[in-house]
Amino acid sequence: METEDSNKKQTTIVEFDNQDMNEEEKDDIPMEDLEDFKRDIEFDKIDIKKFAAVDDVRRIPVPPHRVTPLKNNWDKIVTTVAENMKLQIRMNTKRKCVEIKTSKFTEDKNAIIRSSDFLKAFMLGFDLIDALALLRLEDLYVESFEIKDVKNLQGDHLSRCIGRISGEKGKTKNAVENATKTRIVLADTKIHILGSFSNIKIARESICALILGSPPGKVYSQLRFVSKRQASAL
């Protein structure tokens with residue numbers, strides 16, 4: 001009896017194996033058919049204009065101290081955004097913000113992003129000419145930080161720190177800008193830097209050294225070394 005049971009088990013195992021082999025053979029597709037299938041697939045060319053978001057809207061808030069500069073430079077801003085970037089722009093007086101929107105004439109899908117960065121830089125306090133560089137060049141960024149992020153200062157210590165960063169009649173700030181090829185805005189305890197990634201890093205290190213108490217003369221010497229190194233690299 002035992003031998004009969006063992007023979008039955010072996011036969012069933014062989015039958016199941018044969019079934020699996022048959023199923024695998026059915027699922028196999030010859031390589032020639034696959035190559036023919038790949039050749040038959042053709043994709044149409046992508047039209048970039050179709051991907052431009054028609055209903056994309058951005059709102060840039062206007063701080064109270066930038067209302068007057070915005071009024072004085074409104075014509076230039078509208079010309080830049082509307083004619084050059086092909087966007088719609090308006091001033092929303094209720095929300096106190098500038099609204100920009102894509103239209104059917106917008107060709108560049110990144111136009112609204114670059115225009116919003118341009119307007120944000122202008123609202124932070126940068127001059128119109130400096131902010132326009134964000135539209136013309138692609139490797140420019142704006143970095144912002146506060147003095148308390150580097151060192152917690154209060155009262156007269158904070159005022160003296162701001163004075164060290166600015167210098168007499170803006171001498172220190174201008175020296176950092178010229179050496180690092182950046183633009184710096186001091187807005188109370190906030191500091192905004194416009195420039196390339198590497199130049200922003202050098203300017204930030206110089207400002208942080210001034211915040212931590214380094215004398216301006218030491219920072220000047222470091223900036224001279226950096227400017228000479230950049231000139232030799234060019």
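Modeller: Two strands are said to pair when DSSP finds at least two bridges between them. With that in mind, we may read this predicted model.

Biologist: In which order do the 3 strands of the open sheet stand?

Modeller: The order is S1-S3-S2, and the pairing is antiparallel. Strand S1 (57-61) and strand S2 (87-92) are the edge strands; each has a single partner strand, so one side of each lacks a neighbour in the sheet. From one strand to the next, the twist averages 20°.

Biologist: How many bridges join S1 to S3, and how many join S2 to S3?

Modeller: S1 is joined to strand S3 (residues 97-102) by 5 bridges, the two running antiparallel. Here Val57 stands opposite Lys101 in S3. S2 and S3 pair over 6 bridges, also in the antiparallel sense, and Ile89 stands opposite Ile100 in S3. As a general idea, side chains in a regular strand alternate between the two faces of the sheet.

Biologist: Which residue takes a positive phi in the hairpin of S2 and S3?

Modeller: Lys96 does, with phi near 55°; this hairpin has 4 residues between the strands.

Biologist: Which strands does helix H4 lie across, and which does helix H5 touch?

Modeller: Helix H4 (residues 74-84) lies across S2 and S3 and runs at about 150° to S2. Helix H5 (residues 111-124) packs on the sheet and touches S1, S2 and S3, its direction making about 5° with that of S1.

Biologist: At what angle do the axes of H9 and H10 cross?

Modeller: An angle over 145 degrees counts as roughly antiparallel. The axes of helix H9 (residues 171-180) and helix H10 (residues 197-211) cross at roughly 155° and come within 9 Å, which means that H9 is roughly antiparallel to H10. Their crossing is right-handed. H9 contributes Thr172, Val176 and Thr180 to the contact, while H10 contributes Asn199, Ile202, Ala203, Ser206 and Leu210. By class, the contact of H9 with H10 has 4 nonpolar, 4 polar and no charged residues.

Key. Residues numbered from 1 in each chain as written. Predicted model: local features only at pLDDT ≥ 70, side-chain atom pairs only at ≥ 80, totals over all residues. Heavy atoms only, no water. Axes fitted to C-alpha atoms, helices over the stretch in contact; angles between N-to-C directions. Parallel < 35°, antiparallel > 145°, perpendicular 65-115°, else oblique. Left-handed = near helix turned anticlockwise from the far one by under 90°. Contact = heavy atoms within 4.5 Å. Nonpolar A, V, L, I, M, F, W, Y, C, P; charged D, E, K, R; others polar.
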